Amino acid sequence: MAFLAGAIHFVPISAAFVLVILNWRSYYIGGELAGAVGQDDAKFIGLQFAAKLHELTISASLTTVIFSYIRHELVTANGLPFGAVVAGLQFKDVSYLWSMEFWGTMRATWRKRRDKTALILLIITCVGLSVSAGPSSATLMRPRLDYWPAGGTEFWVASPQAALYSLNASASQVPSACMNDTGDLNCPSGDWRTLAQNWLSFYQSIRRDGYIPDIVQVSGSKSVRALRQIHRGPGLQFGGSQTSATVVSSSIADALVETGRLWAFAAFWWRYNFHERFWSRMDVTYSAKAQQPLVHVRCLQHNVSGYTSGINTSTSTMDVYDLWDISWFNANGDFGVLTYNYTNDEHVSSLVNSFSNSTEPRVAWSTIPQVNGSALGVTLNLPIDGDNASMLFQCTIAARMAPGSLQSTRNSPLIVTGADHVSIYENGNTFPQVSIDPAWAAFLNPTVSGNATAFQYMMKAAGIWDNSFTIHPPDVTPVIESLLSLAIVNGLGRRDFGVGFSGTLLGNSDGLDLVSNHDVDDELQVGLACEGWCQHFLPSVGYAVGYGGNAFNISKAEEAASTKFTMHANAQGWAYSAKGSAAKFAMLALLLYSVIALTHWMYTLRNRESSSSWDSISELVALAMRSDPSDTFVNTGAGIDSSAIFRQTTRVVDKDERLQLAVGGTIGRQNMVKPNEYYA
């Protein structure tokens, strides 16, 4: 009977343990809940009902615990305060904690302080659990939609880190054919038409408080990369105070796309071995940490419609921005200005001396020794159509390699995005500087047809040259800065174009090819090819979520000549997890309940105590009506208005051959209820 009496705890404890284990170990379900397809709404309703039923069983279990304790104390010589007699019925309402019954119990005089402390703590704990049991069960029973660690792998790009993140951009890295536009994406100017058509062309239609794209997609060998820019003015609603741009390096983006393709293959085939469910998902993100080029451009406009400022042709000097003096920038909100002497640069001198008579835009690249020792400078003239005058710009370039995180998704498998921020001044200007050779920069502006250059076409697309001038002259400077930052960062992101993987897939002699000399429809052959490496792309065996290991076989020589990266896959879907404070609190609440219920069950079994007496209002009223009247309850017929009544010691006694409720007074030992006796 004692075992059966405690069995009321079995269902709620079992459910609590299942929920805690599911969430603690994490269990990934998939893009939709298990069961009939397209019925998630009905499944969630079912889980809601299950959570409510679990709450009710926990409440019944806690009621049994409290009444068992109260019943035990009622039949002992110590008794307990009258206010605690009905605690088993009132603890489900949190208002019991400020009721006269509870405060009478708190202020009562107890023979043993230990008994008082135990009962008060039990009541408070059960009140808290009764309030939190439902939300806790619902929190843990309903899976959450999120991105969950779903494996990944280490991989190597076949270029040493010093070369991959090279801090020098020199002409020797570029084929000489790139001086002419051939459409070769390997050239620094590769995909410049995309920059012109999909970005700069928006300047023609810009209005005050208008918008310019923040991202443009440029093509690589096996991927499409998101080039990001923050640009200032003219009159942009979300413009910045600086113009800067960044993009993921080509080879790293290509490698990330390839590892994502391999992960998707592994997730599909490995389900036959360990029933992994990552083949079912809404989406997957593939991410890796890597450095990426970041370019900042700031220009001074020296001439508008014949007016010259900031330049002295007699001394061959002009003002330039210093993009490296951070203390000045932090104090003044803008960059300081230095004097640049261009006497020894024949290209700049020629452009400056003839800029007012030029009918076409011209560009001269130079090194500005006065700025940080070797900053790249750009001198550019822009004829103003119809005014027989030109504008002259002197721009300073700051290029760096900045740490970032690149990412692609399964739903857009070829598109790779990089760092969200593009300001080199957010981290104290500590990123390593890239030194750009003017001869390398010249490849950014190849000849397109005849004498026309890529920059001229880009200026025309932006609406600042060639009979399409639509931007007010003072607002041209930000457009020039935007054009230069786009072109330069696009070129820096292509220095590693076409660099591939190092190593081969474990157990796959075909390199990165999943099938060789087999019919691609032969599932057996494809599955066998997966045996050696698929498991390394997914979480370790025995773990529902987590990151993977290394799916590649690479020699020491290859590793020394390569750069190592780690791809992390995160699947979007439904899963149970202990992530977040709400889940942890819910687990703690259910574990606390389980400890209390198990302790009571073990106590019942050990002492062989079982009874259901006086655990309802009707039974308590019946007991009171069979009891002798007590002077304690004088003037309480219309209600009790004092907690003093609830402080009175209450016992159940054997008197006049029947059980009676005795409140207050002294009870002799001969009147105590005897265990294992039958009472009517």
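**Group meeting: a walk through a predicted chain**

Leaving aside neighbours within four places in sequence, Tyr-147 is in contact, meaning heavy atoms within 4.5 Å, with Asp-283, Thr-285, Asn-570, Ala-571, Gln-572 and Lys-579. I begin with this residue and then turn to the chain as a whole.

The model is predicted, so local features need pLDDT of at least 70 and side-chain atom pairs count only at pLDDT 80 or more, whereas totals for chains, interfaces and linings use all residues. Residues are numbered from 1 along each chain as its sequence is written, and side-chain values use heavy atoms, with hydrogens and water left out.

Tyr-147 sits in strand S3, residues 144-157. Helices (H or I, at least four residues) and strands (E, at least two) are DSSP runs, numbered from the N terminus. Buried means under 20% relative accessible area, exposed over 50%, and partly exposed in between, with a 1.4 Å probe and protein chains only.

Let me now describe the whole chain. It has 20 helices and 25 strands, and 51% of its 680 residues count as buried. Among contacts between residues at least 6 apart in sequence, 74% join residues at least 24 apart. The accessible surface, by the Shrake-Rupley method with a 1.4 Å probe, comes to about 30,800 Å², and 54% of it belongs to carbon and sulfur atoms.

Next, the interior. A nonpolar core is a set of buried Ala, Val, Leu, Ile, Met, Phe, Trp, Tyr and Cys residues joined through side-chain atoms within 4.5 Å. The largest has 102 residues, and those with the most contacts inside it are Leu-227, Trp-263, Ile-436, Ile-480, Leu-484 and Phe-537. From first C-alpha to last, H9 reaches 29 Å, close to the 28 Å expected at 1.5 Å a residue; the expected span is 1.5 Å times one less than the number of residues. Leu-484, not counting residues up to four places away in sequence, touches Val-297, Cys-299, Trp-365, Val-378, Cys-395 and Phe-455.

Helix H19, residues 581-607, contains Ser-594. Ser-594 counts as buried because its relative accessibility is 2%. A polar atom of the Ser-594 side chain lies 2.8 Å from the backbone oxygen of Leu-590. Beyond its neighbours within four places in sequence, Ser-594 is in contact with Ile-13, Ala-16 and Phe-17.

I close with the strands. Two strands pair if DSSP finds at least two bridges between them. An open, antiparallel sheet of three strands has the order S10-S11-S12. Strand S10 (311-312) and strand S12 (336-341) stand at the edges with a single partner strand each, so one side of each is left without a neighbour in the sheet. Six bridges join S11, residues 317-322, to S12; Met-318 has Tyr-340 in S12 as its bridge partner.

Strands S24 (residues 649-655) and S25 also run antiparallel, joined by six bridges. They form a hairpin with two residues between them, and Asp-656 in the turn has a positive phi of about 55°. Asp-654 has Leu-659 in S25 as its bridge partner. Strand S25, residues 658-663, is mostly covered, with five of its six residues buried.

Key: Polar contact = N/O pair within 3.5 Å; in protein donor to acceptor, adjacent residues only side chain to side chain.
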